Amino acid sequence: SFFHLLVCHNEKFGTQIQKHVKELVAHEMSPTLYPILFDQIKAIVEKFFDLQGQVIVTEPNTQFIEHIFILKSVLENKVDHTAEHLGVSNIGGMMLAIVRYVRHLDTTVHAIQIKTKLCQLVEAMMIMLDDLAFGQEMKFRNKLVEYLTDWVMGNSHQLAPPNSGDVTTLTRDLDQACMQAVAALLRGLPLQPEESDRGDLMEAKSILEA
C-alpha cells in the first residue's frame with residue numbers, strides 16, 4: 001500500500017521513495033483524503049500490538065512511527081478550506097496508540113529524538129484543537145498528560161545503554177518539548193478533573209510551575 005512505501009528498504013531507491021512520499025503527504029495531498037489518511041495510519045499502528053495489547057517493537061514498526069510525524073507538516077500547512085476535513089476522523093485512538101508504542105522504546109539517542117518529535121506533534125495538534133476530533137477529548141488529554149509527564153519524570157532515572165551516545169542535550173530538548181506539549185494539553189482543561197485524573201494533572205502542573 002501507499003504507506004508501506006514509507007518503510008521501503010530498497011538499497012538504491014528506498015530513501016528517495018520515502019522522501020517523495022512524505023513530501024506528497026505533507027504538501028500535495030488533497031484535504032478530502034485526510035480522514036482516510038488518519039484511519040489508515042490508525043489501522044497500521046494497531047497492528048503493532050498483539051492480541052493481549054502488548055507492544056511489538058520492531059525496526060520497521062519504529063521507522064513507520066517516526067515517519068508519521070509528517071502529520072505535523074499536514075497540520076501546519078493547513079489552509080482555511082481544510083478544517084472541515086481534519087475533524088472528520090477521530091484521531092484520539094491513533095495518537096494514544098502511537099504514544100503507547102513509543103513508551104516501550106529503549107532509551108537511546110534515536111528513541112529520545114522520536115519522543116521529542118512526538119511531543120512537538122502533540123503540541124501542534126493542540127493548537128489545532130478546534131479543527132480536530134479526539135473522541136473523549138478530556139479523557140484523551142488527561143491520558144496524554146500522564147504519559148508525557150512520565151517521560152520528563154523518568155529521564156533523570158533512566159540509564160542509557162552502552163554506545164547510545166551522549167543523551168544529555170537530547171534529554172534536555174525532550175524535557176522542553178514535553179513541557180510545551182503538556183502545557184498545550186492542560187490549556188483549557190476543567191479545574192475539577194475526574195478523581196482518577198487529579199493526581200496526574202496536579203503533578204503535571206507542579207512540574208510546569210517548577
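**Close-up views of a predicted helical model**

View 1. Lys115 lies in helix H7, which spans residues 109-127; helices (H or I, at least four residues) and strands (E, at least two) are DSSP runs, numbered from the N terminus. The model is predicted, so that local features need pLDDT of at least 70 and side-chain atom pairs count only at pLDDT 80 or more, whereas totals for chains, interfaces and linings use all residues. Residues are numbered from 1 along each chain as its sequence is written, and side-chain values use heavy atoms, with hydrogens and water left out. Lys115 is buried yet has no salt bridge, and the nearest side chain of opposite charge, that of Asp150, is 7.4 Å away. Buried denotes under 20% relative accessible area, exposed over 50%, and partly exposed the range in between (1.4 Å probe, protein chains only). A salt bridge requires a side-chain nitrogen of Lys or Arg within 4 Å of a carboxyl oxygen of Asp or Glu. For charge, Lys and Arg count as positive and Asp and Glu as negative, while His and the chain ends are not counted. Leaving aside residues up to four places away in sequence, Lys115 touches Val102, Trp151 and Leu174, where contact means heavy atoms within 4.5 Å.

**View 2. The salt bridge between Arg103 and Asp150.** The side chains of Arg103 and Asp150 form a salt bridge with an N to O distance of 3.6 Å. This pair links distant parts of the chain, with Arg103 in helix H6 (residues 92-103) and Asp150 in helix H8 (residues 137-155), 47 residues apart. Arg103 is partly exposed at 32% relative accessibility, and Asp150 is partly exposed at 41%.

**View 3. The salt bridge between Lys143 and Glu146 in helix H8.** A salt bridge joins the side chains of Lys143 and Glu146 at 3.2 Å, N to O. Because Lys143 and Glu146 are three residues apart in helix H8, about one helical turn separates them. Lys143 has a relative accessible area of 31% and is partly exposed; Glu146, at 28% relative accessibility, is also partly exposed.

View 4. Helix H2 has 13 residues and reaches 18 Å from its first C-alpha to its last, close to the expected 18 Å at 1.5 Å a residue; the expected span is 1.5 Å times one less than the number of residues. Its buried residues are Tyr34, Pro35, Leu37, Phe38, Ile41, Ile44 and Val45. Glu46 forms a salt bridge with Lys42, and the closest N and O atoms are 2.5 Å apart. Glu46 and Lys42 are four residues apart in helix H2 (residues 34-46) and therefore separated by about one helical turn. Glu46 is partly exposed at 41% relative accessibility, as is Lys42 at 28%.

**View 5. The crossing of helices H3 and H7.** The axes of helix H3 (residues 59-67) and H7 come within 10 Å and cross at roughly 35°. Axes are lines fitted to C-alpha atoms, for helices over the stretch in contact, and angles run from 0 to 180 degrees between N-to-C directions. The contact is made by Thr62, Ile65 and Glu66 of H3 and by His110, Ile114 and Lys117 of H7.

**View 6. The protein chain as a whole.** The protein chain contains ten helices and zero strands. Buried residues make up 46% of its 210 residues. By the salt-bridge rule, the count comes to five.
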